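I opened the file and made a list of things to look up. My notes follow in the order I took them.

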Number of protein chains: 2
Amino acid sequence: MAIVGAGSIGLAIAWRIARFGAEVVVYDPAPGSGASRVAAGMLAAVTEAQFGEEALLPFMAESADAWPGFARELEQASGHHVGFRDAPTLLVGLEDADRAEIDRQAALYRSTDRNVQPLGGRASRKIEPLLSHRTRGGVLVPDDRAVDPRAVHAALLAAAEKAGARIRTEHVDDLGALDADKIVLATGCGSARFGLPIRPVRGTVLRLRAGDGQPVPAATVRGYVQGHPVYIVTRDSGEIVIGATSDERGFDRTIGTAGAVHDLLRWSIELIPEIAEYHLEEVTVGFRPTAPDNLPLIGPVDDRTIAATGHYRHGIALIPATAACVADLATGQGDGFPKAFDPLRFKESE
Amino acid sequence: MAIVGAGSIGLAIAWRIARFGAEVVVYDPAPGSGASRVAAGMLAAVTEAQFGEEALLPFMAESADAWPGFARELEQASGHHVGFRDAPTLLVGLEDADRAEIDRQAALYRSTDRNVQPLGGRASRKIEPLLSHRTRGGVLVPDDRAVDPRAVHAALLAAAEKAGARIRTEHVDDLGALDADKIVLATGCGSARFGLPIRPVRGTVLRLRAGDGQPVPAATVRGYVQGHPVYIVTRDSGEIVIGATSDERGFDRTIGTAGAVHDLLRWSIELIPEIAEYHLEEVTVGFRPTAPDNLPLIGPVDDRTIAATGHYRHGIALIPATAACVADLATGQGDGFPKAFDPLRFKESE
């Protein structure tokens, strides 16, 4: 069996297939150099919900619920920590209009049947004392947790190899040349070369570090700041990840990063003034692999090929559910996949 | 003869002494790793003038006037370009209060007898079309030019070595152990270990890059933005340097850089909105070697030792004048130095 793409999705599938006992080779010239390196790692079945993308919600919920066990299993298998952090997500608005936007979205959040608690400004600051006193409150989502995607990728690489998967640092263009009865395309933003309708949605993410003794946010903080969404994810290592801008400028990693860094710092400092006191360590620009309807492409493309791409903003959150579904398809243990994710849904009927 | 410190000041002195025919050894464990690497390179005899530091102005003027010839000579001697840019400086205010601050300082600027032209907002934008339409105008200073300090340092290193100076990558603590009849301390922020009253004034500087076809500022733009000073220096290479914050936090290179980057981007984007479209390439934190009265320490410390440090914000601008003065002192060709810079001025009389 062949998997094209050694990002976190591809490796999680490879790990599962290898544990099943099948032979699996993963092809990638630079494993982990794609979205896995940039992603913040929120496992947000609730606060990533968007009107118009409701078809994603059950899969997000399934994957979020699988994550704690998946993380434990992965840490055991790999011997690596994955930075799973059992802290809640606090979604707050800075101004009245921002709070109103959250209240509007809360209707969608509540439709998920997950734990969503409305919070006033004072209650928000009690949970997260670093929030600006201007904060207008919002919602508390105890089960929207986070992991460290770089640690997850390193762990998946180790676990997949220990389970017997082989990694070949080769670029694949011609699927016909692969010696495999089944091929999984976990090619992220590189999927367009195989005819899949995937475009890159660019995002800038900052990595900051708190100095010794500096206070850091305990919760994952998401906010709307004068209409702009921003999130702040703290790692146990003292790293603070701030994201993310969203624009469509092809694969350019440079144009406009000055403005993106400015915006992310401004919005996050407005929410949590202490952020100004941290060290800005790293600016990364990544590309979210995105289908025309923002939903993943998961399922058979033809008799030999299975797609596992188009995860847009949700790649890390959807690792466990995608790996389970696609490994079952590839090994013949199952034939189910969410119909809304059918990779062929954009083809005109012949 | 020994020079401690292979920053741009130390090397310029070494170059001059070596050309005079004297033997000179420069000691520095990491040449060019200090302020020379961070500085923006403005040669601003006018727009760096500050009330209370008037004693600096004649020396600044002398050095600014020497720079064009010094740059030519250095390029010939080294075979390196030094990025001398014959563009004017435009100092503008964003809001009425900022403009009023510039008008207040213009009285000092005019006392320098250098070319200073008042400008309205519209005239400013005619000279620099990238300025925000909100700009309230200020002054045009045709002779406040700029160089590229990293290029200058590389050129000085080459020129000094070609002239016969030897560079030893050694740290010096004990001047008594040096085999030299004269010693120059060009030790920047490392001067305190020799008993000189120098403290580090920290500054953050950004380096951005414009993409192909993106417009860049033609002038050096300095501004006051809601009371905050900021400058933007364009290099012919397409690099845009934005500086500089100023705070006193010892030698810490990390604490608060997030806030510093935010502030510099905010102020500069307010002045020149196009800056948001550039790529943020590099964030550097440096330390300005600063005496208690912000004036340099230039002159004899004792019979054997000469100070050439404490250049604060003006190290690059003051290279030619400092090198001429200190090389003359060291070789016995002259004994003059500005009395306001006397390194012993802070000693209590015995």
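For the lining classes, I count Ala, Val, Leu, Ile, Met, Phe, Trp, Tyr, Cys and Pro as nonpolar, Asp, Glu, Lys and Arg as charged, and the others, Gly among them, as polar. I also note that this model is predicted.

**Cavity**

Rolling a probe the size of a water molecule over the atoms shows where empty space is left. I get one cavity of 30 Å³ or more. The largest cavity holds about 30 Å³. Which residues line the largest cavity? I find B:L43, B:A64, B:W67, B:P68, B:F84, B:D143 and B:R145. Helix α3 (residues 57-78) of chain B gives the largest share of that lining, with three residues. Sorted by class, the lining of the largest cavity has five nonpolar and two charged residues, and no polar ones.

**Two copies**

Next I superposed the chains. Two copies of a chain are related by a rotation about an axis and a shift along it.

**Six-stranded sheet, chain A**

I then traced the sheets. Strands of a sheet pair through backbone hydrogen bonds, either parallel or antiparallel. In chain A I read an open sheet of six strands with mixed pairing, in the order β8-β2-β1-β9-β16-β15. At the edges, β8 (166-168) and β15 (297-300) of chain A each have a single partner strand, so one side of each is left without a neighbour in the sheet. From one strand to the next, the twist averages 20°. Strand β2 (residues 25-27) of chain A runs parallel to β8(A), and three bridges join them. A:V25 has A:R166 as its bridge partner in β8(A). Helix α8 (residues 319-331) of chain A lies across β9 (183-185), β15 and β16 (305-309) of chain A, and runs at about 175° to β16(A).

**Eight-stranded sheet, chain B**

In chain B I read an open sheet of eight strands, also with mixed pairing, in the order β5-β6-β4-β11-β12-β13-β10-β14. Its edge strands, β5 (117-119) and β14 (279-290) of chain B, each pair on one side only. The twist averages 20° from one strand to the next. Eleven bridges join β10 (residues 199-209) of chain B to β14(B), and the two run antiparallel. B:P200 stands opposite B:P289 in β14(B). What packs on this sheet from chain A? I find helix α7 (residues 257-271) of chain A touching β10 and β14 of chain B, at about 70° to β14(B). Helix α4 (residues 96-110) of chain B lies across β4 (89-93), β5, β6 (138-141) and β11 (220-225) of chain B, at about 135° to β4(B).

**Backbone**

Last, I checked the backbone angles. Most residues other than glycine have a negative phi, and most peptide bonds are trans. The bond from A:G243 to A:A244 is cis, with omega near -15°. A:A244 lies in the loop between β13 (239-243) and α7 of chain A. In chain B, B:G243 and B:A244 are joined by a cis peptide bond, with omega about -15°. I also noted A:D113, which is not a glycine but has a positive phi of about 65°. A:D113 lies in the loop between α4 (96-110) and β5 (117-119) of chain A.

Conventions:
Residues numbered from 1 in each chain as written. Chains lettered and ligands numbered in written order. Predicted model: local features only at pLDDT ≥ 70, side-chain atom pairs only at ≥ 80, totals over all residues. Heavy atoms only, no water. 1 Å grid on protein atoms, 1.4 Å probe; cavity = no way out; pocket = protein on both sides within 12 Å on 5 of 7 lines; lining within 4 Å. Points joined across faces, edges and corners; volume = space filled by probe spheres on them. Helix = DSSP H or I, 4+ residues; strand = E, 2+ residues; numbered from the N terminus. Pairing = 2+ DSSP bridges. Axes fitted to C-alpha atoms, helices over the stretch in contact; angles between N-to-C directions. Contact = heavy atoms within 4.5 Å.
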